[in-house]
Amino acid sequence: MAAQLYKTTSGRLFHAGQIAIITVGLPARGKTHVARSLCRYLRWLGVPTKVFSVGNYRRHVIGNASSLPHDFFNPGNLETAEARHKIATECLQDMIKWLQEGGQVGIYDASNTTQDRRKEVHDILISHNVHPLFIESICDKSEIIETNIRSVKITSPDYVGWDPEEAVKDYWTRINNHLEHYETINDTELSFVKMINVGERIIVNNVKGYLQSRIMFYLMNLHISPRIIYFARSGESMNETSQKADAELSLAGKHYAYTLKNFLLALREREKKERKEQGWDDDERMLTIWTSARQRSYQTAKPFLDEGFNVYHRPSLAEINVGEADNLTVEEIKAKFPEEYEKQQKDPYHYRYPRAESYQDLAVRIESIILELEYEKNDVLIIAHESVLRCLYAYLFDRPEDEIPRIVIPRNYLIEIIPSAYGCRETRMEIVDTFVHSVPLLADLSHNGKKSD
């Protein structure tokens, strides 16, 4: 709930009603990725949202893929069809109950591949005064499907402990079982969105309402292409206590900037080699660097710019504004603003010092960055202040607002984040001198040749 729009007594947005998002599509089309990403975004906005996954219910009742008959997903098998329908209905009823108890957006993550099943779900929801919105994921590009299948053998709870090649074969069987019976949405009386080739084209039908429009806007920026996000803090500046000074990097900060560049490029080269050895047909993605417009941020990226990488300045990535607490130590803040300090300690997320920003203000400010990050298909290194990285980290890992001010992002660590359908995975690595002799301590890291938006 980091960037909550506003609060009501019920916790809901009173003008939006209760909404059910129903996913539609064949396996390996990105439904789960869309469901979980949308849930994370809506929760970030403060909308009570929860994913109800039929797959999770099935695993709880029957087990993972190794426990299933080979034709479990074949609609022609009446015995397994009945079992699947029972599990799906239980999941749907639990979602409705949760909505009635205070939830606002329930996301029903299932295949829902036939018109009859969608009508059944639609009618049940309408009878409970819940507004249904169908999101159909369509993909006719084999390379996207194959990439999704490869990621399944790594991240899906169904294939824990499986041989990777056997997992891929089993998943293809599951897809083929659905394929013969799949019916695309063509009922124009329904509210639906069709995402074609993971955001390449979007078809919208009968979608109305404020919250539904926010959902649409988010989906227009979403994709499921593989990529890596890196977080790194800005290097040490000549004046670490004053935000207004906008000081240049210190000698230690310049050394850090070159060390970061060398470390990350060596890491990417090593990981590229490992992926090839594992049989991945790896189309190397470009690395793009985002910084704030503050000197210590874009100067930390200067070594990347010198290597020919694209470096973009995002003013929204500027650190949290501390207002009248600028250039003051903690002890000086206690002495000058004793009452303000006590309020800040009680509620560090919402409280703001005089003429300052709160973490909530910062979270609202970086929403444009979040949407741009979802849209970006290149790998991205974000070099920013710890306060900004805390908010971005909380968004990606769905952390509650009260934890944000206390998330630790050490300066001497690189955080590698890999998004997937089942959540983000992170690796923290200490930034060490990979090529010590290539680090010019007295390098000119002045602001040259920047690209701004």
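Gln212 is found in helix 7 of this predicted model. With a relative accessible area of 12%, Gln212 falls under the 20% cut-off and is therefore buried. Helix 7 (residues 210-219) also packs against helix 1 (residues 31-44).

**Surroundings of Gln212**

- Leaving aside residues up to four places away in sequence, Gln212 touches Ile19 and Val207.
- Ile19 belongs to strand 1, which spans residues 19-24.
- Leu133 is 79 residues from Gln212 in sequence, while the C-alpha atoms of the two are 8.3 Å apart in space.

**Helix 1 against helix 7**

- Two packed helices are described by the angle between their axes and the distance between the axes.
- For helix 1 and helix 7 the angle is about 125 degrees and the axes are 11 Å apart.
- The crossing of helix 1 and helix 7 is right-handed.
- On the helix 1 side the contact is made by Val34, Ser37, Leu38, Arg40, Tyr41 and Leu42.
- These residues meet Leu211, Arg214, Ile215, Tyr218 and Leu219 in helix 7.

- Strands of a sheet pair through backbone hydrogen bonds, either parallel or antiparallel.

- Strand 3 covers residues 105-109, and five of its five residues are buried, so the strand is largely enclosed by the rest of the structure.
- In a regular strand the side chains alternate between the two faces of the sheet.
- In strand 3, Val105, Ile107 and Asp109 point one way, whereas Gly106 and Tyr108 point the other way.
- Strand 1 runs parallel to strand 3 and is joined to it by four bridges.
- Strand 2 (residues 49-53) also runs parallel to strand 3, with five bridges joining the two.
- Ile107 in strand 3 is the bridge partner of Ile21 and is likewise the bridge partner of Val51.
- Asp109 in strand 3 is the bridge partner of Ser53.

**Salt bridges around Glu240**

- A network of salt bridges links Glu240, Asp246, Arg294, Arg296, Glu319 and Arg411.
- Glu240 forms a salt bridge with Arg296, with the closest N and O atoms 3.2 Å apart.
- This pair links distant parts of the chain, 56 residues apart: Glu240 is in the loop between strand 7 (229-233) and helix 8 (251-277), and Arg296 is in helix 9 (residues 295-300).
- Glu240 is partly exposed, with a relative accessible area of 38%, whereas Arg296 is buried at 11%.
- Glu240 forms a salt bridge with Arg411 as well, the closest N and O atoms being 3.2 Å apart.
- Arg411 lies in the loop between helix 15 (386-396) and strand 11 (413-418), so its pairing with Glu240 ties together parts that are 171 residues apart in sequence.
- Arg411 has 22% relative accessibility and counts as partly exposed.

**Asp361 and Arg352**

- Asp361 and Arg352 meet through their side chains in a salt bridge, at 2.8 Å from N to O.
- Asp361, at 24% relative accessibility, counts as partly exposed.
- Arg352, at 39% relative accessibility, also counts as partly exposed.

Terms used:
Residues are numbered from 1 along each chain as its sequence is written. This is a predicted model: local features need pLDDT of at least 70, side-chain atom pairs count only at pLDDT 80 or more; totals for chains, interfaces and linings use all residues. Side-chain values use heavy atoms; hydrogens and water are left out. Buried means under 20% relative accessible area, exposed over 50%, partly exposed in between (1.4 Å probe, protein chains only). Two strands pair if DSSP finds at least two bridges between them. A salt bridge is a side-chain nitrogen of Lys or Arg within 4 Å of a carboxyl oxygen of Asp or Glu. Axes are lines fitted to C-alpha atoms, for helices over the stretch in contact, and angles run from 0 to 180 degrees between N-to-C directions. A crossing is left-handed if the near helix is turned anticlockwise from the far one by less than a right angle, and right-handed if clockwise. Contact means heavy atoms within 4.5 Å.
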